[in-house]
Amino acid sequence: MRKIGTKLLALFLVVALLPAIADSQDLESFEENVTEFTLDNGLKFIVVERPVAPVVSFVTHVDVGGANEPIGHTGMAHIFEHMAFKGTDYIGTTNWEEEKKVIEELDQVYQQWLQESYRPSPDSVRLEQLWTQFTELQEEAEQYVVNNEYSQIIDRNGGTGMNAGTGADLTIYYYSLPENRMELWFSLESDRFKNPVFREFYKEKEVVREERRSSVESQPLGRLIEEFLAVAYTAHPYGSPVIGWNSDITATTIEDAREFYNTYYVPSNITIAIAGDVDANEVREMAETYFGDLEEGPEAPPVYTKEPEQRGERRFSIQGQSQPILLMGYHTVAQDHPDAKALEILGSIISSGRTSRLYKRLVEDEQLALTVQAFNGYPGTKFETMFLTYALPNQGVEVDTLENAIHEEIQKVKNGELTQQELQRAKTNARANLVRSLDSNSGLAQAFAITDGQQGDWRKVFTDIEELNEVTLDDLQRVANTYFTEDNRTVGTIVNQDNEEVADAN
Amino acid sequence: MKRVVLLCLFFTLINSVLNAQKTYDELEFPELNEFQVPEVETFTSDNGITFFLLEDSELPLIDLSVIIKTGGVLDPADKEGLASITGTVIRSGGSELHSADSLNVMLENRAASMETGIGFSSGSASMNVLKEDFDELLPVFIDLLKNPSFPEDKIELAKTQTKSSISRRNDDAQQIAFREFRRLIYGKDSVYGRNVEYETVNNITRDDIINFHNNHFVAENMMVGIVGDFEASDMREKLEDAFSSIPSGEETPLNFPELSDESGSSINFANKSDVNQSVVLMGHLGGLRDNPDYAEIQVMNNVLSGGTFSGRLMQVVRTEMGLAYSAFGQYSMNTFYPGIFYAGVMTKSETTAEAIDAIIEQIERLQNEPISEEELQSTKDLILNSAIFEYDSYEEILSQQISNEYRGLSDDAFQQYLNEVRETTIEDVQRVAQEYLNPDQLNILVVGNEEQIGDQLQKYGDVNEVDISIPQPGGTDEESVAGDAVAGREWINRMASAVLPNGPVDGELVYEAQNTVKTPQGEMNLDLVQTINFNTDKLVADVTMPMGQVTMQIEDGEGSMQMGGNEMPMQPAQKQQLMAEYHRHPVYLALNRDQLNVEYLGMEEMEGQELAHIRVEAEPTLHLYLDPETSYPIVRTYRQFDPQAGEQVEVKVVSSDWREADGVLIPYETISYAGGEQNAVTNVSTHSVE
């Protein structure tokens, strides 16, 4: 469904939870209500008992995202995520045995069609024959389908906030239920990850293409971000769009999707968090019952490619029919690198809140920008990522003017002009943000599942504060000088083609 | 032997595990845990504020929020945006005791926040603090509500930001569609459909803002909700004390004008050539919350578009047809004024009509066929089983109660709604579909790519082109002083004889010039070869800029640009600007003088001499100032929108060094000023007629 990663704001929501901080005192009081256990097959559960209201939230985190996709198959993680709502061998079908045969044949024909279409001079008659056969099989498969039965069951049982998201680093699935229906979640969730059926696979790819049109192709910011990542990364998969290139979406078959599932949807790669009015022992029993027979698999392979050092500034602009937009990024580090914390707090000091440097100067005092945001961690955090600045110039302000002002502010950071008061304020706000994020089941489950799934321990939600608290002004100056160099920079803009200078016709 | 036993045991274990697993239809659910909805304490203070208190000690935080009876609905005509800007500047401008900067530092040092804002039918102010900071910050919050200082610079900032947002409002197809659809349904001049424009923002004064605040931020208009880690009795005292200094004032009557339910269908289109997907919205006026059929209509609404994928629109348009990522709809019923019934989809340009037809079919189907028993049941289950999530947190419980109070709904309005949902029948759903849906009176709006969509929309009727262009501010209106038309005619004839001493010329005027243009990056020098054919209105400009050579051409009304071997169409705005320049050219004016309405307005001193002032009727109005001795138009002025300033500025063009060649006089030096500042100099080196 939704992709994390193409919309900056959506991304902020996810990122904001991760670096949230509280005192270790908070951790202790929290630990009393948290139970964690791992099944023999490697599947990990984190349970938060929070009996505020008779409801419960579930988040399934799978440690796979766009960055894990093989070349030629960008968009695969996201397509699989869509397929997870298509039902199972029991749900969404009137006759699985028959349906299965047709789906297998359908995929064979599609693969033949693909193969033919990639030949140097494809045989157009054969292509058409295969396509006719393909569409006939698709119709045949359709007769067994019970439309959206899987998600309807959730809706009917009061499921709320049902969705899923695919990012560069991860895939998450989530919804909430009244607490008395917890077992329904176990039944449905275990079923879909034990028995993926790839129902209506090829039709769903058209839905994904519509999603691509609305979030990327028909959106100025979407187009800019896609181009920006492609320019900023030469080798690492962070340079490819999570939603996938159009030709890769075409090239992806059910067989590819199954292989992807077999590789990455193994229990040791999945973390589940459950928060709300639940009893941890009951959860554990149900977990054993429903997920105990999820087949163990080999550990998922790592991402081998590292982004090589950038040899010089990269810069492009898109002539667009929209008002100007500026994106500027510097390659930085992965979240487990010692400098990650300093970069994180640096982003907060220069761009969050009304006292932050970029807001104060660009938005308030000089009125150059309608909005400006800067943060470390785009498009992901697991691998070497970027420190990104996003800014919208005010009406009549040139992008260059705005960019120069941002460079001046960055230069001040490099010169060591940040103050102890600014650093302290950023730390205080990070702590408060964490506390505020702990007041909903869904927020807790999401923070715990993602933190544990990505960093190996949900406690990092809290313990990161010690690291963050150790950041000094010297660290800020040092990381700014290390990473914010011209050679390490990518700048992408949209400039309005209507506003080009016009020579006087006089 | 032992091994066999173990194996058996193992199998039994597996079996028991498998047997314990249940499919969704085998499950039986226990009763929902007892849930005591916490009691909200309320009281009303002497000055008329109603307070709502709810203790929640889970986290050491206190959230306070004030709802204020006011709204953008009260914006005076020509000052649209007043409420919203007032709401912004109350907070951004700080108070008399706490300037904006010191307030920002004070709050952010404590990780606290205070925000204010005014929407269409209510205003809000909130304070979120750690509990230990509450006592210190409450008086600051009250001071902000009571004595905002509205400094000029923060007012300007809010206006600039609003205008910047206006300039960006046509960048996104979805934003265009939702805005224009609303205007289509409610009427673009109604309070529900009107836009905030550059001009209406320019019209807002500091006094307007001060008055708006004084009239509405009074106790009689306020309700206060507070939730968090406190003791209610103690908190009650603090609140009574702190809010007692807010003047009672008078309750603001919120007047929501009646809407005429204009029937009739329409098809409307706005072009956006940089998209490959159409945003489609269709619908008509919806209803009011107090309609006795509210629950039945909402059940129908959920059949059409409820749940995640359960609604018929998602089922058919997304899942069955694969035409969209998103297909949606709603029969919205507001408290104060009618909502809108709409259904919509985003689909690739090529399938626009197919998707529209599929949606209309689903709307009609609700009227023509009873829904199935199963569909009724699953729709009711969806509403009833998820009801608990409407009040599953302290914040929601509190805000629901306040919202009911503000909208004049009873405390148990939601429970009543659920009861009526339970009683809704298949016949009810079909009855309300027939009564409240009008598929033959749909207003359809498509925002998309005209070239790709082609003629798909014609079958829905005559397509109305929606004008989404952003109106430029008029600035101070031109005074229309009546001038002397006879004398004006005489002067323009004299000018024509001066500029074209041998009468009309045939052939193309060609001249070479060097332009120095001021840009935000500094001065830019351009070399220009301009060819103008006054008979065919053909313009060609070869411009050499630092970044390369550009050829701009307008011929037969079509504009094009060539750059580095690439040709592209000229943007309409750019073409319009070039044509306007052409129509102000002295030779053009001389040749076309008979078609122009001109008036003589008297002698005026300008550029150190007395000049004859001629007004030429044009868009925008052109003023010529002629040298009484030579009759050359030494000065030309007109008003033009300046995107840098976001307002109209006066442009003045001063010409000198007039020289003749091939029977045409043109100035060899021209200096342009915008808003009093010099912005371009043109020096001609040679000209001829060829």
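I take a nonpolar core to be a set of buried Ala, Val, Leu, Ile, Met, Phe, Trp, Tyr and Cys residues joined through C-beta atoms within 7 Å. A residue is buried if 20 or more other C-beta atoms lie within 10 Å of its own, exposed if 12 or fewer, and partly exposed in between, with C-beta atoms placed from the backbone.

I note that this is a predicted model, in which local features need pLDDT of at least 70 and side-chain atom pairs count only at pLDDT 80 or more, while totals for chains, interfaces and linings use all residues. Residues are numbered from 1 along each chain as its sequence is written, and chains are lettered from A and ligands numbered from 1 in the order in which they are written.

**Entry 1: cores.** Which residues touch the most other members of the largest nonpolar core? I found Ile274(A), Leu346(A), Ala445(A), Phe448(A), Met300(B), Val317(B) and Ile359(B), in a core of 197 residues. A second, separate core holds 62 residues, including Leu61(B) and Val224(B). I then looked up Ala445(A): leaving out residues up to four places away in sequence, this residue touches Val48(A), Ser57(A), Phe58(A), Val59(A), Ala273(A), Ile274(A) and Ala275(A). In soluble globular proteins, nonpolar side chains tend to be buried together.

**Entry 2: where the chains meet.** I recorded 76 residues of chain A in contact with 87 residues of chain B (contact: C-beta atoms, placed from the backbone, within 7 Å). On the chain A side, H8(A) gives the largest share, 8 residues. That side divides into 21 nonpolar, 32 polar and 23 charged residues. Here Ala, Val, Leu, Ile, Met, Phe, Trp, Tyr, Cys and Pro count as nonpolar, Asp, Glu, Lys and Arg as charged, and the others, Gly among them, as polar.

**Entry 3: strands of chain B.** Helices (H or I, at least four residues) and strands (E, at least two) are DSSP runs, numbered from the N terminus. Two strands pair if DSSP finds at least two bridges between them. I saw S21(B), residues 598–606, pair antiparallel with S22(B), residues 609–616, over 8 bridges. Tyr600(B) has Ile614(B) as its bridge partner. These two strands form a hairpin with 2 residues between them, and Glu607(B) in the turn has a positive phi of about 50°. S22(B) also runs antiparallel to S23(B), residues 622–626, with 5 bridges. There Val616(B) stands opposite Leu622(B), and 5 residues lie between the strands of this hairpin.

Conventions. Two residues are in contact if their C-beta atoms, placed from the backbone, lie within 7 Å.
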